[in-house]
Amino acid sequence: MKLFTHNMLSSKSLEGVKAKDIQISQSEFNKEFVKNIIAKLNWKVFVNAAIQIGYGKDLSEELIKNYENDEEYLKKVHHLLMEVEIIDGELICPETHRVFPISDGVPNLL
(Lines give C-alpha, C1' and ligand atoms only; values in the text may rest on other atoms or scores of the structure.)
Protein backbone atom coordinates (compact mmCIF):
# COMPACT_ATOMS: atom_id res chain seq x y z
CA MET A 1 0.00 0.00 0.00
CA LYS A 2 1.45 3.32 -1.04
CA LEU A 3 1.20 6.36 1.22
CA PHE A 4 -0.85 7.95 -1.55
CA THR A 5 -3.45 5.20 -1.09
CA HIS A 6 -3.28 5.50 2.69
CA ASN A 7 -3.97 9.22 2.44
CA MET A 8 -6.99 8.72 0.19
CA LEU A 9 -8.39 6.03 2.55
CA SER A 10 -7.64 7.86 5.76
CA SER A 11 -10.20 9.27 8.05
CA LYS A 12 -9.88 10.04 11.73
CA SER A 13 -10.21 6.32 12.31
CA LEU A 14 -7.36 5.18 10.03
CA GLU A 15 -4.50 7.51 10.80
CA GLY A 16 -2.23 4.97 12.53
CA VAL A 17 0.03 2.87 10.33
CA LYS A 18 2.79 0.35 11.09
CA ALA A 19 5.05 -1.15 8.46
CA LYS A 20 6.64 -4.57 8.85
CA ASP A 21 7.95 -4.77 5.28
CA ILE A 22 8.53 -1.85 2.90
CA GLN A 23 9.49 -1.98 -0.74
CA ILE A 24 11.03 0.91 -2.67
CA SER A 25 10.38 1.04 -6.40
CA GLN A 26 11.28 3.53 -9.09
CA SER A 27 8.58 5.71 -10.59
CA GLU A 28 9.01 8.45 -13.16
CA PHE A 29 8.83 11.89 -11.57
CA ASN A 30 6.01 14.03 -12.94
CA LYS A 31 6.24 17.51 -11.46
CA GLU A 32 2.73 18.57 -12.54
CA PHE A 33 1.15 15.41 -11.11
CA VAL A 34 2.86 15.89 -7.74
CA LYS A 35 1.92 19.58 -7.58
CA ASN A 36 -1.72 18.72 -8.30
CA ILE A 37 -1.91 15.79 -5.91
CA ILE A 38 -0.42 17.77 -3.01
CA ALA A 39 -3.47 20.03 -3.15
CA LYS A 40 -5.70 16.98 -2.59
CA LEU A 41 -3.69 15.47 0.29
CA ASN A 42 -4.46 15.72 3.95
CA TRP A 43 -0.91 16.97 4.57
CA LYS A 44 -0.82 16.25 8.30
CA VAL A 45 -2.02 12.67 7.80
CA PHE A 46 0.57 12.18 5.05
CA VAL A 47 3.45 13.50 7.18
CA ASN A 48 2.29 11.49 10.20
CA ALA A 49 2.12 8.27 8.17
CA ALA A 50 5.57 8.90 6.68
CA ILE A 51 6.99 9.48 10.17
CA GLN A 52 5.29 6.35 11.56
CA ILE A 53 6.96 4.16 8.94
CA GLY A 54 10.33 5.88 9.37
CA TYR A 55 10.42 7.95 6.18
CA GLY A 56 9.19 11.39 7.27
CA LYS A 57 12.40 13.12 8.36
CA ASP A 58 12.62 15.24 5.18
CA LEU A 59 9.07 16.59 5.43
CA SER A 60 7.95 19.70 7.22
CA GLU A 61 4.94 19.51 9.52
CA GLU A 62 3.30 22.26 7.48
CA LEU A 63 3.42 22.36 3.71
CA ILE A 64 6.17 24.77 2.72
CA LYS A 65 5.37 28.02 0.96
CA ASN A 66 6.02 28.07 -2.76
CA TYR A 67 6.32 24.25 -2.87
CA GLU A 68 5.16 24.36 -6.49
CA ASN A 69 8.53 25.83 -7.49
CA ASP A 70 10.77 23.71 -5.25
CA GLU A 71 11.62 20.71 -7.42
CA GLU A 72 13.74 18.98 -4.75
CA TYR A 73 10.84 19.16 -2.28
CA LEU A 74 8.43 17.86 -4.94
CA LYS A 75 10.80 14.96 -5.62
CA LYS A 76 10.84 14.06 -1.91
CA VAL A 77 7.04 14.09 -1.83
CA HIS A 78 6.91 12.04 -5.06
CA HIS A 79 9.25 9.45 -3.54
CA LEU A 80 7.09 9.05 -0.44
CA LEU A 81 3.79 9.03 -2.32
CA MET A 82 4.68 6.86 -5.28
CA GLU A 83 7.82 4.85 -4.57
CA VAL A 84 7.53 3.78 -0.91
CA GLU A 85 5.13 0.87 -0.56
CA ILE A 86 4.06 -0.94 2.59
CA ILE A 87 4.03 -4.62 1.66
CA ASP A 88 3.09 -5.95 5.08
CA GLY A 89 1.88 -3.93 8.01
CA GLU A 90 -1.17 -2.60 9.79
CA LEU A 91 -3.59 0.29 9.79
CA ILE A 92 -4.63 1.08 13.34
CA CYS A 93 -7.68 2.95 14.54
CA PRO A 94 -6.48 5.30 17.30
CA GLU A 95 -9.96 5.43 18.87
CA THR A 96 -10.91 1.74 18.95
CA HIS A 97 -7.40 0.25 18.51
CA ARG A 98 -8.84 -2.03 15.83
CA VAL A 99 -6.12 -3.36 13.54
CA PHE A 100 -6.55 -3.73 9.80
CA PRO A 101 -3.82 -5.87 8.20
CA ILE A 102 -1.88 -4.92 5.07
CA SER A 103 -0.80 -8.07 3.24
CA ASP A 104 1.03 -8.14 -0.08
CA GLY A 105 0.48 -4.39 -0.33
CA VAL A 106 -3.32 -4.62 0.02
CA PRO A 107 -5.13 -3.26 3.10
CA ASN A 108 -7.99 -5.41 4.41
CA LEU A 109 -10.57 -3.02 5.82
CA LEU A 110 -13.22 -5.65 6.54
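These are my notebook entries on a predicted model.

**Entry 1: the sheet**

I began with the strands. Which order do they take in the sheet? I found four strands in an open sheet, ordered S1-S2-S3-S4, with antiparallel pairing. Next I looked up the edges. Strand S1 (16–24) and strand S4 (106–107) stand there. Each has a single partner strand, so one side of each is left without a neighbour in the sheet.

**Entry 2: S1 with S2**

I went through the pairings in turn. How many bridges join S1 to S2? There are eight, and the two strands run antiparallel. S2 covers residues 84–92. I noted one partner pair here: Gly16 is bridged to Ile92 in S2.

Then I looked for what packs on the sheet. Helix H4 (residues 71–83) does, and it touches S1 and S2. I wrote down its angle too: the direction of H4 makes about 70 degrees with that of S2.

**Entry 3: S2 with S3**

S2 and S3 also run antiparallel, joined by four bridges. Opposite Glu90 I found Pro101 of S3. The two strands make a hairpin with six residues between them. Which residue in that turn has a positive phi? I noted His97, at about 65 degrees.

**Entry 4: the two faces of S3**

I kept a general point in mind: side chains in a regular strand alternate between the two faces of the sheet. I then read strand S3, residues 99–103. Phe100 and Ile102 make up its covered face. Val99, Pro101 and Ser103 make up the uncovered one. Pro101, on the uncovered face, is the residue I had found opposite Glu90.

**Entry 5: S3 with S4**

Two bridges join S3 and S4, again in the antiparallel sense. Ser103 stands opposite Val106 in S4. This hairpin has two residues between its strands. Asp104 takes a positive phi there, near 55 degrees.

**Entry 6: helix H3**

I turned to the helices. Which residues of H3 are buried? I listed Trp43, Val45, Phe46, Val47, Ala49 and Ala50. Just after the helix I came to Gly54, with a positive phi of about 90 degrees.

**Entry 7: aromatic rings**

I counted two aromatic pairs in the structure. One of them is Trp43 with Phe46. Their rings are 5.3 Å apart, centre to centre, with 55 degrees between the planes. I logged the pair as tilted.

Trp43 counts as buried, at 9% relative accessibility. Phe46 is buried too, with a relative accessible area of 1%.

**Entry 8: two lysines**

I looked up Lys75 and found it over the face of Phe29. The distance from the ring centre is 5.7 Å.

I located it in helix H2 (residues 31–38). Is Lys35 buried or exposed? I noted it as buried, because its relative accessible area is 19% and the cut-off for buried is under 20%. The side chain of Lys35 makes a polar contact with the side chain of Glu32, at 3.1 Å. Leaving out residues up to four places away in sequence, Lys35 touches Tyr67, Glu68 and Leu74.

Technical notes: Residues are numbered from 1 along each chain as its sequence is written. This is a predicted model: local features need pLDDT of at least 70, side-chain atom pairs count only at pLDDT 80 or more; totals for chains, interfaces and linings use all residues. Side-chain values use heavy atoms; hydrogens and water are left out. Rings of Phe, Tyr and Trp (its six-membered ring) pair if their centres lie within 6.5 Å; planes under 30 degrees apart count as stacked, over 60 as edge-to-face and the rest as tilted. Buried means under 20% relative accessible area, exposed over 50%, partly exposed in between (1.4 Å probe, protein chains only). A charge sits over a ring if NZ of Lys or CZ of Arg is within 6 Å of the ring centre and within 35 degrees of the ring normal. Two strands pair if DSSP finds at least two bridges between them. Contact means heavy atoms within 4.5 Å. Axes are lines fitted to C-alpha atoms, for helices over the stretch in contact, and angles run from 0 to 180 degrees between N-to-C directions. A polar contact is a pair of N or O atoms within 3.5 Å; within protein, one must be able to donate a hydrogen and the other to accept it, and residues adjacent in sequence count only if both atoms are side-chain atoms.
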